[in-house]
Amino acid sequence: MRAQVLEQGGRPLRLVERETPRPGPGQVLIRVRACGVCHTDLHLVDGELTPPRLPLIPGHQVVGVIEAGGEGTGRLRPGSRVGVAWLHEACGACDDCRRGLENLCDRVRFTGFHVDGGYAEQIIAPERFVYPLPETFPDAEAAPLLCAGIIGFRALKVCGAQRGERVALFGFGASAHLTLQIARWRGCQVDVYSRAEEHRRLALELGAGWAGQAGEAAPAPADRAILFAPSGRLIPIALRALRKAGTLAIAVIHLDQVPAFDYALLFEERVVRTVTASTRRDGEEFLEEAVAARLRVAVEPFPLAEAGRALDLLREGRIRGAGVLLPA
Ligand SMILES: [Zn+2]
Ligand SMILES: [Zn+2]
């Protein structure tokens, strides 16, 4: 099979020929039809996040079809279309898993980080951690749901957004454009902050009530805010946009810095929380709501061979919605 391989952070990916992986006990072999391009992949390629092993095939928003199953599998038949997300596997036995926080499991393994991911023609994953996918979404559109979508969904949970509240989104890429639609579906008002005019236009098209740049004032203070851009300087700006006792959720895996800021921005019971990966339950709930809300997924397709170009465009903030690799 062909695969894009990361040999070292700070160096471009290399397209190589690899042996087809063999599914072990509990695992299924999946033929990849689409794999979303995520900021996390970019952090790996740029050397801002170091994976536990190299070389590594990145990619954790994988849509494909089951080709074969290892010992003990069979819940999903060969030919079933499934999704593989960032949560590759959790132990199920540690304190965090038992609390329903398998995203924080001590022995958690992430797709395209601890194990090879979906920038390839085939991938293996534990059957218990793959999602049957709703038919409503074609392959390319389904891919960004698997990280961008699920993480945004968890961020809405973590910030505690309630029906009818005002939610501010900072940064407007793959995740925010899906989160915006879920929030609208729940009757929330949404303000979007983005540097790129193209992104602000897409936000308004998708139902944002207001779109502007960081530092500009939305018409009213937000009840909740979510930070999607990996830029810590936005934290005080987001806190300034929040009402008293409002909550800011930081939904990025890597942040350049947490700047010092005036205590007055936190005082009056404002809350800052982080979002770390997601649970299977988040994924299942989100996919259900994605169908009900009829999410429109904005996608820019790239052949597998052009993963490097897709990542360059993502770095420059020039992808409208989500970038998706199509190996076929
Ligand atoms: Zn991701
Ligand atoms: Zn665990």
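Helix axes are taken here as lines fitted to C-alpha atoms over the stretch in contact, with angles running from 0 to 180 degrees between N-to-C directions. In this predicted model, the axes of helix α4 (residues 148-159) and helix α8 (residues 280-292) approach within 9 Å and cross at roughly 100°. Angles of 65 to 115 degrees count as roughly perpendicular, and α4 is therefore roughly perpendicular to α8. On the α4 side, the contact is formed by Gly149, Ile150, Phe153 and Arg154. The α8 side contributes Asp282, Gly283, Glu285, Phe286 and Ala290. Classified by residue type, this contact of α4 with α8 comprises four nonpolar, two polar and three charged residues.

The domain assignment divides the chain into domain 1 (2-147 + 278-326) and domain 2 (149-274). A distance of 25 Å separates the C-alpha centres of domain 1 and domain 2. The contact between them involves 26 residues from domain 1 and 19 residues from domain 2. On the side of domain 1 that touches domain 2, the elements giving two or more residues are α1 (39-45) and α8. Of these, α8 gives the most, with six residues. The residues on this side of domain 1 divide into 13 nonpolar, seven polar and six charged.

The largest nonpolar core contains 109 residues, of which Leu169, Phe170, Ala225, Leu227 and Ala238 touch the most other members. Helix α4 supplies the largest share of this core, eight residues. Domain 1 (2-147 + 278-326) and domain 2 (149-274) both give residues to the core, so the core lies between them. In soluble globular proteins, nonpolar side chains tend to be buried together. When residues up to four places away in sequence are not counted, Leu169 touches Ala176, Thr179, Leu180, Val190, Val192, Tyr193, Ile226 and Phe228.

Leu42 is placed in helix α1 and is buried, because 20 other C-beta atoms lie within 10 Å. Apart from neighbours within four places in sequence, Leu42 is in contact with Leu311, Leu314 and Arg315. Leu42 and Gly323 are 281 residues apart in sequence, whereas their C-alpha atoms are 12 Å apart in space.

Trp210 belongs to strand β12 (residues 210-212). This residue has 19 C-beta neighbours inside 10 Å, and Trp210 therefore counts as partly exposed. With residues up to four places away in sequence excluded, Trp210 touches Asp191, Ala218 and Pro219. The C-alpha atoms of Trp210 and Ala168 are separated by 9.4 Å, although 42 residues lie along the chain from one to the other.

Pro25 occupies the loop between β2 (14-17) and β3 (27-37). Pro25 counts as exposed because it has 10 C-beta neighbours inside 10 Å. Its contacts, leaving aside neighbours within four places in sequence, are with Gly70, Glu71 and Gly72. A separation of 8.4 Å is found between the C-alpha atoms of Pro25 and Pro126, which are 101 residues apart along the chain.

Backbone geometry was also considered. Most residues other than glycine have a negative phi, and most peptide bonds are trans. The peptide bond from Leu54 to Pro55 is cis, with omega near -5°. Pro55 is located in the loop between α1 and β4 (62-69).

Ala277 counts as buried because it has 21 C-beta neighbours inside 10 Å.

Note on methods. Residues are numbered from 1 along each chain as its sequence is written. Chains are lettered from A and ligands numbered from 1 in the order in which they are written. This is a predicted model: local features need pLDDT of at least 70, side-chain atom pairs count only at pLDDT 80 or more; totals for chains, interfaces and linings use all residues. Helices (H or I, at least four residues) and strands (E, at least two) are DSSP runs, numbered from the N terminus. Angles under 35 degrees count as roughly parallel, over 145 as roughly antiparallel, 65 to 115 as roughly perpendicular and the rest as oblique. Two residues are in contact if their C-beta atoms, placed from the backbone, lie within 7 Å. Ala, Val, Leu, Ile, Met, Phe, Trp, Tyr, Cys and Pro count as nonpolar, Asp, Glu, Lys and Arg as charged, and the others, Gly among them, as polar. A nonpolar core is a set of buried Ala, Val, Leu, Ile, Met, Phe, Trp, Tyr and Cys residues joined through C-beta atoms within 7 Å. A residue is buried if 20 or more other C-beta atoms lie within 10 Å of its own, exposed if 12 or fewer, and partly exposed in between; C-beta atoms are placed from the backbone. Domain bounds come from an automatic or database domain assignment.
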